[in-house]
Amino acid sequence: MNSTEFQNPIDRFNAWLTEAIANEGNENATAMCLSTIGEDDIPDSRMVLLKHADSLGFVFYTNLESQKGHQLKSHPKASLCFHWKGLGRQIRVRGLVSSVSSQEADEYFASRAHQSQIGAWASKQSQRLEEPNSLQIRVDQFTKQFQDKPIPRPPYWSGFRISPLRIEFWLNKEFRLHERLIYFRSNESESWQTESLYP
C-alpha cells in the first residue's frame, strides 16, 4: 500500500469498498462489525450495514431504542471492522458518534422497501418478545394502518454517523507478513497523518 496514493483515508476506503462490492456483492461488502460500549463498560459487538461513507464519516441506521441505540447515546464512541476475505483485506475504524439529521434519516427511510418500513414500525428492537407471534401481530397491525398510504419514519428510528479518528487498512500477505497502514488524527478538524505498522 502506498500512503501517498490516497491523502484522504475515505477515498482509499471507497476505492476498496467498490472492489469489495464487485467481488462479494453489496450486502456482503457493506456488512461491518459495530462495537459499542455497554452499560457495564464491556464492549458489545454486532453486524450492521453501512449505508454510505463520506468526508463526514460512516453512516448506518437503526432503532434508537435498541441496545446499540442506547449505548451510542450514553457513550458516543465506537469502532467498526470490515473484513473482505476474498480480497484479503480488512479495515478498522475508531471514532466519535453523532446523530444524522432528520432530513437524512427521512430520505433514507423513504428509499427503503415497503416491508422494511413496516418492520421498522413493528419491531421493538432488543426488547423481550412477549409471545412467539407478537412480532407478526404488530406487522399485521402496521400493515393495515399504513395500507395504501406513504409510511412515515418512526420517531424512534434514525441513523448514526461515526466520524473517524483512526482508520487502519490491512492487506493480507504470504507468511503472515501483512501490510498495515494507519491514518490518524487527534480531532475531526486536524489533517490526517499516516504510519505503517509491523504485522
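This is a predicted model: local features need pLDDT of at least 70, side-chain atom pairs count only at pLDDT 80 or more; totals for chains, interfaces and linings use all residues.

Tutor: Residues are numbered from 1 along each chain as its sequence is written, and side-chain values use heavy atoms, with hydrogens and water left out.

Student: Are C33 and C81 buried, exposed or partly exposed?

Tutor: C33 is partly exposed, with a relative accessible area of 22%, and C81 is partly exposed at 24%. Buried means under 20% relative accessible area, exposed over 50%, and partly exposed in between (1.4 Å probe, protein chains only).

Student: OK, new topic. Which residues have the most contacts inside the largest nonpolar core?

Tutor: They are F13, F58, F82, W84 and I91, in a core of 29 residues. A nonpolar core here is a set of buried Ala, Val, Leu, Ile, Met, Phe, Trp, Tyr and Cys residues joined through side-chain atoms within 4.5 Å.

Student: And which element gives the largest share of this core?

Tutor: That's α1, with 5 residues. Helices (H or I, at least four residues) and strands (E, at least two) are DSSP runs, numbered from the N terminus.

Student: What does I91 touch?

Tutor: Its contacts include F13, W16, L80, F82, W84 and I167, not counting residues up to four places away in sequence. Contact means heavy atoms within 4.5 Å.

Student: What about the rings? How many aromatic pairs are there?

Tutor: The structure holds 17. Rings of Phe, Tyr and Trp (its six-membered ring) pair if their centres lie within 6.5 Å; planes under 30 degrees apart count as stacked, over 60 as edge-to-face and the rest as tilted. One of the pairs is F13 with F58, which is edge-to-face at 5.0 Å centre to centre and 85° between the planes. F13 lies in helix α1 and F58 in strand β4, so this pair ties together parts that are 45 residues apart in sequence.

Student: Is that pair buried or exposed?

Tutor: Both F13 and F58 are buried. Ring pairs also link F13, F58, F82 and W84 into a cluster.

Student: Now R89. Where is it, and is it buried or exposed?

Tutor: R89 lies in strand β6 and counts as buried, at 13% relative accessibility. The side chains of R89 and E19 are joined by a polar contact of 3.4 Å. For a polar contact, you need a pair of N or O atoms within 3.5 Å; within protein, one must be able to donate a hydrogen and the other to accept it, and residues adjacent in sequence count only if both atoms are side-chain atoms.

Student: Last one: how do β1 and β2 pair?

Tutor: β1 (residues 31–37) and β2 (residues 43–49) pair in the antiparallel sense over 7 bridges. Two strands pair if DSSP finds at least two bridges between them. I37 has P43 in β2 as its bridge partner.
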